[in-house]
Structure formats: C-alpha cells, structure tokens
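Here's a quick briefing to read with the model open. Have the sequence and the 3D view side by side as you go.

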Amino acid sequence: MNSALKGIGLVSTITLNSLQEHLPKSLFASHSKRIRVGSGGIMLPNHSTLKAAENFGLLATLFPGRIDLGIGRAPGGDRLSAHLLNPSNTFSEKDFYQQLIDLKEYLKGDETPETVHEKVKAYPLAEILPELWILTSSGGSAQFAAHFGMALSFAHFINPVGGPEVVAVYRDSFKPSAELQEPKVNAGIFAFCSEDEQKVADWVTEFDYRMLHIEMGATGDLPSLEEIKAMQYNMHQRARIAYNRGRFIAGTPDVVYKKLTQFANDYNIDEIMIATMAEDFEDRKKSYELIAEMFR
C-alpha cells in the first residue's frame, strides 16, 4: 500500500459530460500544456459508440497524451431522457459489453473479420489513444474495467460505502491490456479547504442542505446561509445529512491533508479526483489552491 499520493486531480463542479461539449474540452486543452482533460463521464449507452470514438480520437490527435475518456454505464438521469438520447438503448449489460469492444476497436482502427469494423472506421486515428477509464459508484462496472484492462474510477462522492472493497476486487481481477499493463485507480470525493474555520463550518452547513436540495429534485438557487441555518430538519432529513457527510472532506489545511491521505490509504490509490461545490467562486478557487499546495 502506497501511503504517499503521487498526484491529486482537481475537477471543477461543472463536469463536461456530453459528447456535444468536445469543443469546450478542446479549448481547455489548448490553453494548457500539462493538464489532462477528459470526460467525467460519457454515459456510453446513451450515445453512438462510433461518434464517441471519433470525438475522442480527434481530441487525442490534437492533444496527444493528455486526453482521458471516462465511460459510465448508468443512464445518467431518468430512463425517458436516456431513451430519447439513444432510442436503441436497452440498458443491458450485454449491450454495454459490446459497446466497450466496439469503442476500443474503433479507437485502434482494428479490422476484425466479420464485424462492422471490417468496413466502418472512426477518424481520425490518434497515435496516442485517449486513456480509458470505467466509472462506477456501485461496483458493478469494476468487473468490466478489470476484464478489458481499463482504469477504474470509484465515485465516492456518490456512494461513500464499499469503495475500497470494490477497488480490491478490481485489482485482483485485472487483466493487462495493450493500453494498460497494471491496474490503475482513482476515487472521486467532494472536498473543501479553508484556513478560516468559520468558512469551513458555513460550507458544511450549505453542503448539508445542498444535497437535500438535489435529492428532493428541487431547482433554482439555494436559500441564503442564514435561511439554511434557521431550518429545522425532520428525522429522515437528518439521516440523509449523516449519510451525505461521508461523501466529503472539509476542514483547515492540516485536517484536509490528514483526511485525504487516509482516504488514499483506505482505497490503496495514488490519485484522488476532487470536486468542490461552493457558492463563492473565490472560496472554491482558494480551496483548490490550498489542496494542490499540500501535495506538490
């Protein structure tokens, strides 16, 4: 087990999830030299596998060695919306399995006999393929990642239970591929860091309500901090708040450093993906800066 983090991936609270957003991805990549850019992620059953391969083949051609293709199996929303995105979506594991085969073959330009790949090609073909990641929050997709020799990303920010066990199973079951010889894992978590303890306390208060707000399907802006502080939660809401507090790490720099290091050790990983929700942009930016400084 490696107790030292090799790197921390920082992601904004605005995730680039749709295939139609490949232009913003290219803009981010064109204004940077070292940062990796990718999806977090493409819910592949909602989309054409050929189109996904062409979009990311183009990005990998323009920015070789810096593009990640995160792939998910969940609908990413309600079933009706997923059906409208791809009317042929059956939500079956068998179809997703075939999509993963097709995606790799399109990206590599394979011409497997007696398949569509004999006649249909995805262009451009990148010299350095995008790095392929399978996303999971329940653990079900970890077996796909292990079978296909892909990297695995566990969404602790969605499900704070069972992640280390899922990672252990993935490592034990991993089959090396041409693209990835050793298992590779990260885990995503919400985090907020500030040198001001009151800001940390206020962030936790807002986060508690924010998660309830999302779970209730509410839309629009959050109430003010003072309005949230005055709220009285019922028993069910208090139970949800207690559960949701397992989805984030918050505190001053010394506290966050200790908790992130423990988090990495628990998962046996070298990389953490962090998402920070905060009403004030400067607070969010400062949080990322403080965390990045811890692991330079």
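The side chains of glutamine 99 and threonine 49 are joined by a polar contact of 3.1 Å (a pair of N or O atoms within 3.5 Å; within protein, one must be able to donate a hydrogen and the other to accept it, and residues adjacent in sequence count only if both atoms are side-chain atoms). Keep in mind that this is a predicted model: local features need pLDDT of at least 70, side-chain atom pairs count only at pLDDT 80 or more, and totals for chains, interfaces and linings use all residues. Residues are numbered from 1 along each chain as its sequence is written, and side-chain values use heavy atoms, with hydrogens and water left out.

**Around glutamine 99**
- Glutamine 99 sits in helix α4 (residues 93–108); helices are DSSP runs of H or I, at least four residues, and strands are runs of E, at least two, numbered from the N terminus.
- With a relative accessible area of 12%, glutamine 99 counts as buried (under 20%; exposed is over 50%, partly exposed in between, with a 1.4 Å probe and protein chains only).
- Beyond its neighbours within four places in sequence, glutamine 99 is in contact (heavy atoms within 4.5 Å) with Leu44, Pro45, His47 and Thr49.

**Helix α7**
- Aspartate 196 caps the N-terminal end of α7, with a side-chain oxygen 2.8 Å from the backbone nitrogen of glutamine 198.
- Buried residues of α7 include Trp203, Phe207 and Leu212.
- The buried residues of α7 pack against β7, α8, α9 and β8.
- After α7 comes glycine 217, with a positive phi near 75°.

**Lysine 259**
- Lysine 259 lies in helix α10 (residues 253–267) and is partly exposed, at 41% relative accessible area.
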